Structure formats: C-alpha cells, structure tokens
Amino acid sequence: MGTSMAPRYANLFMGALEGKMLNSSPHQPLIWLRYIDDIFLIWTHGSSKLDQFLAHANNFHPTIKFTSEISPLKIPFLDVMITLQDGRLETALCSKPTDTFNYLHWGSCHPRHTKRSIPYSLAFRLVRICSTGGALNTRFAQLSSRLQKRGFPHKQIELAINKARSTPRPQALQRRKKVLPGHREFPSWSHTTLRYPTPATSSKPTFPSSIYAIDAKRSSTNGRVFNITLNLSCHSHNIIYLITCTKCNKQYIGKTKNSLRTRFTSHRFDINNDRGTSVAKHFNLDDHTSQHVNIIAIDQLPGSDSISLLNKETHWIHTLNTTEPHGMNIKEQESLPICIHFK
Ligand SMILES: [Zn+2]
C-alpha cells in the first residue's frame, strides 16, 4: 500500500465513491462489505441485473475498475472462506496456497511472554473466523501440528487452544476498543459534578469578580460538565481560559502564553476603554458591568507552541459551544497560518 497514509486515503476515496455509486444504481446488493479496496457483496436480483450492476460500477469512475469473482456456492474474502450452505452463510479460515505458516520458533531469543501469546492469538483468531464446530476443530488440529513443528511445547499449545475454545464466539466477535498509547480518555461528563468555588475572602468586591482555577468547567449552552485534573492558578502560563458572564451566562474561550492574571489585566483594559473586542463589547452592553466577569483557567499546554495553543483553543470553543450567538467568540478565529508539510 506504499506510504502509511495510503490506506487512509484509499478508505476515504472508496467510501465516497461507493456511496455515490450504490445510490445511483437501480438495484443494490443485499450486503456490501468493504475492507479498504476489497468488497464482499451478496446479489439477489438475478444474473442479468448483476451484469448491469457490474457495468455500472466499472463505468462510474474513469480509473477505478472492479474485477469480480462470482460464485453461487463459496467465495474467499480476505482471510475468510464464505460458503452458502442451505440458505445460511458459513465462514471458515482461508489461507493462501503460498502460506508457509512459518511462525516464530519456540527456541528464538524472544521474551517468553511474546512466544507464549502466539498459540492463543492464533487459536483465538480461528474462533472468530470459523462459524462451525467442524471447521474449527480441523483448524485447531492443523494449528497444533504446525506449532509443534516450530518447537512449541505440546502443553503450551493445548492450554492456548482450550482457553480460546472456552470463549463463546459471539463474545469473541465483539469489537474491541482500541486505546492508543499515551491516549487519555476524557471522563464521561454524565459522571462528573460541577463545583463552583466560593471566594476565599468576603472583602469588598474587587475587579475581577472572580479569578480562580477550579476543578470543573461547564458549558452554559449545552450544560456539559468537564473535570479539570490540572492544577491551574492565575499564575499558570500557556493556558486556555474561560470567561463566563454571570449576568447572561454567555461564555468566551481564550488562550494566552502569559499568565491568566496578565491576560485578564489586558481584558480589563479593553473593557474599561470599550476597545471593540468581543469581550469588551459584551461587558459594555446595557445592564452589564465588569462585575459580571468570571474568569478561570481550564487547560494548559506543556509548551508555548502557537499552533498547539490555537488547536486547543479551537477544541474548547467547539466543546463548550462558545461561538456567537451562543457565546462571545467570533466565528472567524484570529488567523494563524496553517502549516502543511508535504513530503
Ligand atoms: Zn452577558
């Protein structure tokens, strides 16, 4: 497939193409399953309409042409052999005639856990692919003999096969959630609670009315609540901050490489001098005063990279839905050039 991006491009292209092609066809297949550029379909409209359908598919794009293999009984698709048996589809493992089953040798200098996981992974794959007990047992026997030829202890193989066999197939076929390394899942908002801080002192109100780093943030437009796990204060740098108008609940997301305190001083100057920024305009509206400003730091970046900060800001603007007319952020964000690196 060439470069690492190639399958993604192919998927995007084929996804768009197949949608248009199928929608414009007078007859559609009963099932259409695609893996990148390999397609399995079931046709129920007879052979003459199938010819028309294949002609339609092949004339749809100037360079994308389909080759097809048609059978009323059985057909291979990826590593699965699909058989039509008494009106039901049965699946079994399909391996290429050139496959040498040259698995890692047990005597190889790999960590033991790597070698031990091989029999189970292979056996589990068979449980997923083979839909009938007969096909599964045949493949288990073949697997066992192939692994023994690669030096795997018989007991190790038997344990792995028994463990795989004990998993019910519907369970084995369930899609497993992929978690990328280093990827942290965001906590579900329905399980988080909102805690607004109370001012530490009850002295006469000073501007700003509140400037805190707190442990939750909430969108005033969609009500979603998010936990903040970062320890942020008005001295934190490279931050995303949230301004909430306590009069009408409109919100604004901003970013700064400076501290929240410094950025707030600048916002205050804009408001006091009605400088025409979206925040200044809002807090100069009728019935609004600077006392209605509530500002909190909600996110932080490890460095001061402008693009990352802009991306983070955009993320929060969308997440908390703070664009006009719901919030104070103007639709066109101040434009930074977008860097694209072609290789
Ligand atoms: Zn307001």
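User: What makes one face of strand β3 (residues 74-77) covered and the other uncovered?

Analyst: The covered face of β3 holds I75 and F77, while K74 and P76 make up the uncovered one; a strand here is a DSSP run of E with at least two residues, a helix is a run of H or I with at least four, and both are numbered from the N terminus. This is a predicted model, in which local features need pLDDT of at least 70, side-chain atom pairs count only at pLDDT 80 or more, and totals for chains, interfaces and linings use all residues. Residues are numbered from 1 along each chain as its sequence is written, and side-chain values use heavy atoms, with hydrogens and water left out.

User: How do you know that β3 and strand β4 (residues 80-85) pair?

Analyst: Two strands pair if DSSP finds at least two bridges between them, and β3 and β4 have four bridges in the antiparallel sense, with F77 standing opposite V80 in β4.

User: Why is the site of the zinc ion called tetrahedral?

Analyst: Four donors count as tetrahedral if all angles lie between 85 and 135 degrees, and the angles among the four donor atoms here are 101 to 126°, so the site is tetrahedral.

User: What makes C245 (SG), C248 (SG), H282 (NE2) and H288 (NE2) donors of the zinc ion?

Analyst: Donors are N, O and S atoms within 2.8 Å of the metal (3.2 Å for Na, K and Ca), and these atoms coordinate the zinc ion at 2.0 to 2.2 Å.

User: Why is H282 called buried?

Analyst: Buried means under 20% relative accessible area, exposed over 50%, and partly exposed in between (1.4 Å probe, protein chains only); H282 has 7%, so H282 is buried, whereas C248, at 36%, counts as partly exposed.

Definitions and conventions. Four donors count as tetrahedral if all angles lie between 85 and 135 degrees; four count as square planar and six as octahedral if opposite donors are over 155 degrees apart and all others between 65 and 115; anything else is irregular.
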